[in-house]
Amino acid sequence: ISPMLPLLYQAFIDRPLYESDPAWTLDNFRELASDPNFRSACLNTLWFAILGTAISTTTGFVVALALERFGLPFRRTLKILFLSPIFISALILAFSWSMLYGPSGYAAILLKASLGISLPNLNSLVGMSVLAGVSAAPVSYLFFAAAMRNIPPTLEDAARAAGASPLRAVLGVVLPLMRPSLIYCILLNFVLKFDQLAVPLVVGEPARIKVLATYLYEKGLQTQSDYGIVSATAVVMLAVIQIVIGLQKYALGDVRRYTTVGGRSMKRGMIRLGAAGWAVSGALLAYTLLTTGIPGAFLILRSFCSFMSPLIPISQVLTLYNFRLVLGYDAYVRSIINTVIIATVGGFGALVLTFASSVVAYRSPPLLRRVVEQTAFIPRAIPGMVVGIGIFYAAVILPGGFAEAGPAGVARNEALL
């Protein structure tokens, strides 16, 4: 919470936090409301979050249903392939999609030149939403897959014995019991889209499509920093997310309604689809190849080429110059080392904090549990660069604060996010 206090304070004063004799004011919010770019970014963010959440949630549920309920050929392999975007940065995925499927991408030019087919415009709000939804779909899958495994198979068997079809048993038994996971998944995806910077920056900026994250990036980093506007925008985002969390708790109600009591644990039987199972597996394989496999392979190939175009044979542009340039430039080498340190230390710190928060949330009195649940999404409600500013100010001005620069400090901040 402490990094948020300087942000809240900065949003209501008339000068930067580090200057003396500040005066209380609402001018930051007035200026924000009068900025047409902010209003446009708010509208784009809303549509981006809604469309991206719908795509990632629907995709994750359909794939979880297919892989957890149906006996598909190569089911385990397909599961690994579908989860692969979790291990790929959204920034890398955005670059690979842009270079392959963008208006001037390799696949777009190849299909236009050979077949006369034009791909849909990736540099659009819908294109951004599709890419963001695809990158977050594995997270939705994990939510739904875990929920499906926890539903006793005897409930579905009872529905089938009463004459229900497999589809009717899923819709009438499985889906209602998955309501908590569905609502939590929608909330998490919505928050992730609000905080998404990589996809709008790579895909949206060429088309001058701004969302709140890129608006903050421009106000806070690209131009002379206006910390009052940045902090006011962060407060607005925080308020929106808290409202969404409140609506989620209202829609979910008493979670004890979704508790099931079953008999002895039984191995769940898979529904056999016969020849249709091969068609479903083929569709899932095509999806994973088009969204992750081919873009990832193209990005690797592109790293070994000086230039790529369907009009030039690849054998003529193969080179190792890109790697020699990266490994021969000290700043690039340091950035790689820093990234490894941040990912390792920050990831371990996030694991410890998540475990501790879960223990507190589910092993504590109701009042403390509600406080933890309500505040757990606060770090996700504000872009990381804004939280970084807040942590820096907290380290400087708050009692007991500490200033720590370098990879270790960044890793600590990443764990908090």
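This is a predicted model: local features need pLDDT of at least 70, side-chain atom pairs count only at pLDDT 80 or more; totals for chains, interfaces and linings use all residues.
**View 1. I300 on the surface of helix α14.** I300 is exposed, with a relative accessible area of 53% (exposed means over 50%, buried under 20%, partly exposed in between, with a 1.4 Å probe and protein chains only). This residue sits in helix α14; helices are DSSP runs of H or I with at least four residues, numbered from the N terminus. Residues are numbered from 1 along each chain as its sequence is written, and side-chain values use heavy atoms, with hydrogens and water left out.

**View 2. The second largest pocket.** Here you can look into about 480 Å³ of space. A pocket is an open set of points on a 1 Å grid where a 1.4 Å probe fits, with protein on both sides within 12 Å along at least five of seven lines; lining residues have an atom within 4 Å of a point. Of the 17 lining residues, I92, F95, L299, I300 and S303 are the closest to the centre. Helix α14 (275–303) gives the most, with seven residues, while α5 (90–101) and α15 (321–328) each supply at least two. The lining has ten nonpolar, six polar and one charged residues.

**View 3. Salt bridge between R149 and E68.** The closest N and O atoms of this pair are 3.1 Å apart; a salt bridge needs a side-chain nitrogen of Lys or Arg within 4 Å of a carboxyl oxygen of Asp or Glu. R149 in helix α7 (residues 125–150) and E68 in helix α3 are 81 residues apart, so distant parts of the chain are linked. E68 is buried at 6%, whereas R149 is partly exposed at 48%.

**View 4. Salt bridge between R334 and D330.** These side chains meet at 2.0 Å, N to O. Because the two residues are four apart in helix α16 (residues 330–362), about one helical turn separates them.

**View 5. F74 and its positive phi.** F74 is not a glycine, yet its phi is about 55°. Most residues other than glycine have a negative phi. F74 is found in the loop between α3 (36–69) and α4 (75–83).

Definitions and conventions. Grid points are joined across faces, edges and corners, and a volume is the space filled by probe spheres set on the points. Ala, Val, Leu, Ile, Met, Phe, Trp, Tyr, Cys and Pro count as nonpolar, Asp, Glu, Lys and Arg as charged, and the others, Gly among them, as polar.
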